[in-house]
Amino acid sequence: HILYLPSLVISATKILQKKKLWKKKNSNVKKHHAIILPLPLQGHINPAVNLSLKLASSKNFTITFLTFEFLHQDLTRAHPYIDTHIDIFSQEKQGPNGVDIRYRVFSDGLPLKFDRTGKLDEYLEWYMSGGMFDQVEKEIEEVVLKSNPKVDVLIIDTFYPWASKIAKKFGLRLASFWTEPALVFNLYHHVHLLKLHGHLDCSDTRKDPIDYIPGVQSIKQHDLMSYLQDKDVSTNMHKLIFQAYQDVRKADYVLCNTVQELESDTISALQALMPFYAIGPIFPPVSPDKAVPTSLWTESSCLEWLGSMPNGSILYVSFGSLANFSKDDVTEIAYGLIESNVDFVWVLRPRTVLHEADHLLPVGFEEVVRGRGIVVPWTNQIAVLSHPAIGGFLTHCGWNSVLESVWYKIPMLCFPIFTDQFTNRKLVVDDWKVGINFGNGQPLKRMEIASQIKRFMSKENGDELRENIDVVRKILGNALEDEGSSSKNIDLFIEQLI
Ligand code: UDX
């Protein structure tokens with residue numbers, strides 16, 4: 001052990017020197033105060049929390065993190081050890097190097113018991129009619145009037161279609177936070193071109209490639225986001241998206257959870273139009289078990305069981321926080337997993353089948369798979385993906401899941417369901433070749449599922465995907481180095497704020 005000591009002392013000294021240098025460099029830097037408001041959905045809250053931590057811990061920011069009461073209620077229900085009066089950042093705030101993050105809970109204007117998922121259309125109607133706007137405006141006004149240091153920037157999810165109105169009213173710089181890939185942003189941004197060429201709002205399915213979007217060489221209609229493939233583009237959801245994409249043109253900055261080198265053509269094309277900063281991947285700054293609690297459902301741990309399984313042998317199955325299935329689909333997946341003989345962890349989220357009770361699995365399923373498969377309602381996904389027993393991820397291709405899977409070098413079996421997931425699939429399978437397709441657009445059938453899973457988890461298939469994933473993982477890692485593109489972009493954004 002003594003032999004190791006000198007090198008330990010050297011690295012500890014290096015870290016201290018680096019810290020001192022950083023402190024010196026930042027002692028003259030202006031302190032900024034950002035209000036951060038994510039969209040009230042799991043896949044948007046996670047990156048917003050991690051961005052808050054990043055800005056507050058290493059970039060001299062005070063953060064006021066806004067969250068809605070109904071979310072805070074879900075969160076505290078999911079983490080019974082958190083006192084309802086304590087905030088999720090309380091650990092990080094403690095000690096002399098604690099971060100200055102102020103967590104504020106406020107009402108979105110609807111009763112807590114209103115079923116926002118089950119009555120999504122009603123919720124959107126109210127959202128579009130300005131109900132939520134009034135609440136957000138009031139809350140931000142209070143923070144702006146009472147805060148020290150003075151608030152100077154609003155970092156708000158791109159999907160709030162009235163963001164610029166609020167920023168303007170309170171004299172704040174506006175940073176629109178985009179939690180999906182730049183490609184998706186680019187396609188929404190050029191929706192008028194899709195309309196002009198007849199690829200939007202058209203009754204038949206077009207097979208010709210879309211090759212007129214700046215920065216996008218070619219993409220097929222079936223790889224567009226589901227909202228752009230819909231036959232009816234006049235729903236409340238479409239109105240919201242299209243308005244948000246008008247509003248984002250007024251933002252002072254767009255911060256995107258992606259990496260410049262990963263989507264360089266698209267990002268260069270966007271940068272010619274607006275101040276667009278790729279600052280990802282945005283992950284929890286510490287190990288998964290110490291991360292700030294963000295899950296909206298109680299996490300079941302399967303790490304002990306994973307610990308008893310051979311390396312790379314387990315298929316992790318999860319379709320994220322929003323997607324819904326029919327009960328038949330769940331049944332077919334369940335039998336497909338049985339027939340594949342591949343060992344698995346399956347996250348079957350509450351309300352996966354919207355208006356059904358949670359007993360969705362075929363009778364006797366758990367007995368049949370005992371010892372080789374676990375079903376949980378929710379888990380700590382990062383802890384699972386980072387476990388050596390995991391060898392593949394059957395995923396819906398949510399953007400956070402894609403980034404997390406690449407980070408932990410887990411190849412993906414891609415089953416996009418809606419929204420950006422079709423477009424994300426294109427990046428994963430066609431462009432980076434770190435995943436393969438699952439299903440063929442036809443209703444799911446158990447024997448087909450079983451054979452696809454078996455093929456995906458076979459060694460020959462895995463080796464090739466893993467080689468490619470190493471390359472993409474390096475790109476993500478490099479971007480976060482001190483001189484990496486994302487680190488530089490975030491510094492550039494901060495410089496522009498002064
Ligand atoms: C949707 C979109 O598809 C996505 O692209 C967009 O950025 C956000 O909204 P969602 O269904 O929430 O996404 O999936 P994803 O983006 O993958 O985010 C889910 C998050 O929940 C991930 O950070 C994942 O780690 C976490 N998770 C998921 C858990 O912590 N536990 C689980 O059991 C499942």
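Helix 8 and helix 12 pass each other in a left-handed crossing. Helices and strands are DSSP runs (H or I of at least four residues for helices, E of at least two for strands), numbered from the N terminus.

Before you dig in: this is a predicted model, where local features need pLDDT of at least 70 and side-chain atom pairs count only at pLDDT 80 or more, whereas totals for chains, interfaces and linings use all residues. Residues are numbered from 1 along each chain as its sequence is written, and side-chain values use heavy atoms, with hydrogens and water left out.

**Exercise 1.** Find the angle at which the axes of helix 8 and helix 12 cross, then name the residues that meet.

- Step 1: the axes of helix 8 (residues 182-189) and helix 12 (residues 264-271) come within 9 Å and cross at roughly 45°. Axes are lines fitted to C-alpha atoms, for helices over the stretch in contact, with angles from 0 to 180 degrees between N-to-C directions.
- Step 2: helix 8 and helix 12 are therefore oblique to each other. The cut-offs are under 35 degrees for roughly parallel, over 145 for roughly antiparallel, 65 to 115 for roughly perpendicular, and oblique for the rest.
- Step 3: Ala182, Leu183, Phe185 and Asn186 of helix 8 meet Thr266, Ile267 and Leu270 of helix 12. Contact means heavy atoms within 4.5 Å.
- Step 4: by class, this contact of helix 8 with helix 12 has five nonpolar, two polar and no charged residues. Nonpolar covers Ala, Val, Leu, Ile, Met, Phe, Trp, Tyr, Cys and Pro; charged covers Asp, Glu, Lys and Arg; the others, Gly among them, are polar.

**Exercise 2.** Count the cavities of 30 Å³ or more, and say what lines the largest cavity.

*Solution.* 
- Step 1: there are three cavities of 30 Å³ or more. On a 1 Å grid over the protein atoms alone, a cavity is a set of points where a 1.4 Å probe fits but cannot get out, and lining residues have an atom within 4 Å of a point. Grid points are joined across faces, edges and corners, and a volume is the space filled by probe spheres set on the points.
- Step 2: the largest cavity holds about 70 Å³.
- Step 3: its lining includes Ser318, Phe325, Trp346 and Arg349.
- Step 4: helix 14 (327-340) and strand 9 (343-347) each supply at least two lining residues.
- Step 5: the lining of the largest cavity has eight nonpolar, three polar and one charged residues.

**Exercise 3.** Which element gives the largest share of the lining of the second largest cavity?

*Solution.* 
- Step 1: the second largest cavity has a volume of about 60 Å³.
- Step 2: Phe65, Thr67, Leu71, His72 and Leu75 are among its lining residues.
- Step 3: the largest share, three residues, comes from helix 3.

**Exercise 4.** Check the backbone: where does Pro149 sit, and what is phi of Arg351?

*Solution.* 
- Step 1: most peptide bonds are trans, and most residues other than glycine have a negative phi.
- Step 2: a cis peptide bond joins Asn148 and Pro149, with omega about -5°, and Pro149 lies in the loop between helix 6 (131-146) and strand 4 (153-157).
- Step 3: the bond from Gly280 to Pro281 is cis too, with omega near -5°.
- Step 4: Arg351 has a positive phi, near 65°, and is in the loop between strand 9 and helix 15 (365-369).

Technical notes: 1 Å grid on protein atoms, 1.4 Å probe; cavity = no way out; pocket = protein on both sides within 12 Å on 5 of 7 lines; lining within 4 Å. Left-handed = near helix turned anticlockwise from the far one by under 90°.
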